[in-house]
Structures are given as C-alpha cells and as structure tokens.
Amino acid sequence: MLILLLIGLSIAYGAADIKLATVWEAVTHYRSDLASHQIIREIRMPRAIGAVMVGALLAVSGAVMQGLTRNPLASPSIMGVTDGAAFALVITLSFFPTATILGLTFSSLVGAGLGVTLVFLIGSFSKGGLTPVKLALAGVAVGSMLNAISSAFALHFQVAKDMSFWYAGGLTSISWISINILSIAGAVGLLLAMVISRSITILSLGEEVSKGLGQNPLLIKILGVIVVLVLTGAAVSVAGAVGFIGLVIPHITRFIIGSDYRWIIPISAVLGGLLLVLADIASRMVNAPYETPVGAITAIIGVPFFLYLARGERRGL
C-alpha cells in the first residue's frame, strides 16, 4: 500500500505538479489529447515504476551477495559488479554508438560478470583463501582498475558526457521498454533467488555447516552469482550507478525479521523499492526545479551506514 501511495506521489510531483485525481484519471480513463495525461503515461509512470523495480533488484542483489560471502560490506557497488558493468557500457558506447537498450543491457550483464569474476579470482588466489576482508579489498582494487580503464576509454572516444550521467545514477531515461527489461530480469532473478533462499540461509552459517547438511556450497554460490549478475546488470543498465541500496537494505531487513533468507529476499525487494522511489522524490525536491542525481541521494544515506559497518558493528548474516 505504501509503495502504491509513493508511486502516486512520484507521478504527481515534478517540474509541473499534477493533482492525484488527475493521475488516477490518466490511469483509468486515459485521454491522448490531454498533455497532462501524456506526461503521466509516457514519462512519469515508467519512471515511478522503474524506481521501485530498480530498488528491489539492487536490494535483493545485495542480500544474496552478503549471504553468499558472509561479508556485511558486500554489495554490487563494492564487489566490482557495478564497475564491471560500467566498463562494458563504455566499450559498447565507444565501438557501437548506435546500440539499442537491449544491447546495452546485455553488455552490462557481461561486464558485471567480468567484474565479479575478477574479484573472486583475485580473492581466492590470495594466501589463506577467500575471506570477507580479502573479498572487500579485491572488490575495491578491481573496481578502481576498471573505473580507471573506463575513464580512459570514455575520454578517448568522447563518451565521457554519456557516462557521467550513468555514474551519477538517474531515472529520467526510463521508458516502457526499460520496464519490460526490468520485468524479465526481475522475474528470472527473483524466482531463482527464492529457490536458493533456504540454501543461502544455511550457507551463511558457514561452509562446513552447509556441507554437513548435504549441500553443495559451490553450486549455491554459482547460482547466487547468476542472480546477482542478472538483477544488477539489468538495474544498472537502466538507472546507472545507484549505489548503497544493496548495502543498506539487507541490514535493515535482517534487523526487522532475522536471518532467514526466505523472508529477507522478498522483504528486501519491498524495502529497496520504497527507498529508491523516496530518493527519487527527494531528488526533485532538494534543488527544485532542477533535479539532483538520485545516486547522490542514496549516497547521502549509504555512506554513513557504510562507515558504521566498517567500524565493526556487525549483525548476524
């Protein structure tokens, strides 16, 4: 109910304020000859719905990643997934400037896979094996490397302006085509996440416990990584680098309902959607009538939370 209310407010509030009654009328009795109805249907509805979907996908990605790695600092933006997607998008825009939204989405999925693969490989080859701290350090190192290469390509091929909007994170370019992509990726990723949710709960207790209960930790990790790649790749290809939702929301969810991932995953999706649509509304209020990048709003929330976690205030994962 709260999500529906916030979607209505997001549609109504903007450069041209529209009454909620007009929003309802545009949904139930659409008239193509009215400019307000066209704005609602073609611009604001996709943006509001897209905000909920992107927030949900990023929050679930973070929850799955934290459960797999038992690392409270794990999130798509920290573990190389987002930077990998950015690297692939720069390459695509540089060599295939006429690529479609579907092509950009596919390239972001490939790039996200490259980023997370490099992080896990570097962390695994280190002395003592893969630990949560080493995983975070590998994520920072790989992310910095990919970010530097992306910047060099962006400057050389003159796509830096396009990528600057992507890095800032925003929802202004979301269309109904974007909603279709998010729907397909969300259905596949969320369904697979729910299928392995019980196994993630057991794996989060430790690999030895998981093996003792007859599970295959490697298979669960592979399926979990696929979930993260599909959800994050689709979300960042549409909305750009919207950070910290995948870090903050899973912790809030665990604080509310405990450590059972059969509940953490769906509730994280709901809370992630709520947070991003709220951030999108705030982005239009902070410096009205101009818009603040929604990624800046989520960073204002996420950075203090990240510093709090970095000081060692951990909860059970």
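**Second largest pocket**

I sorted the lining of the second largest pocket by residue type and found 11 nonpolar, nine polar and one charged, where Ala, Val, Leu, Ile, Met, Phe, Trp, Tyr, Cys and Pro count as nonpolar, Asp, Glu, Lys and Arg as charged, and the others, Gly among them, as polar. I noted that the model is predicted, that local features need pLDDT of at least 70 and side-chain atom pairs 80 or more, while totals for chains, interfaces and linings use all residues. I also noted that residues are numbered from 1 along each chain as its sequence is written, and that side-chain values use heavy atoms, with hydrogens and water left out.

For the space itself I read about 430 Å³ in this second largest pocket. A pocket here is an open set of points on a 1 Å grid over the protein atoms alone, where a 1.4 Å probe fits, with protein on both sides within 12 Å along at least five of seven lines, and lining residues have an atom within 4 Å of a point. Grid points are joined across faces, edges and corners, and the volume is the space filled by probe spheres set on the points. Of the 21 residues in the lining of the second largest pocket, S77, I78, T82, D83 and A241 are the closest to its centre. I found that α6 gives the most to this lining, with five residues; helices are DSSP runs (H or I, at least four residues), numbered from the N terminus.

**Largest pocket**

I then looked up the largest pocket, which has a volume of about 620 Å³. Its lining has 26 residues, and D162, F165, W166, S173 and V238 are the closest to the centre. The largest share of this lining, five residues, comes from α7, and I counted the lining by type as 13 nonpolar, nine polar and four charged.

**Helix α3**

Because 27 of its 35 residues are buried, α3 is largely enclosed by the rest of the structure; buried means under 20% relative accessible area, exposed over 50%, and partly exposed in between (1.4 Å probe, protein chains only). Just after α3, R70 takes a positive phi of about 55°.

**Q158**

Q158 is exposed, with a relative accessible area of 73%.

Methods
Helices (H or I, at least four residues) and strands (E, at least two) are DSSP runs, numbered from the N terminus.
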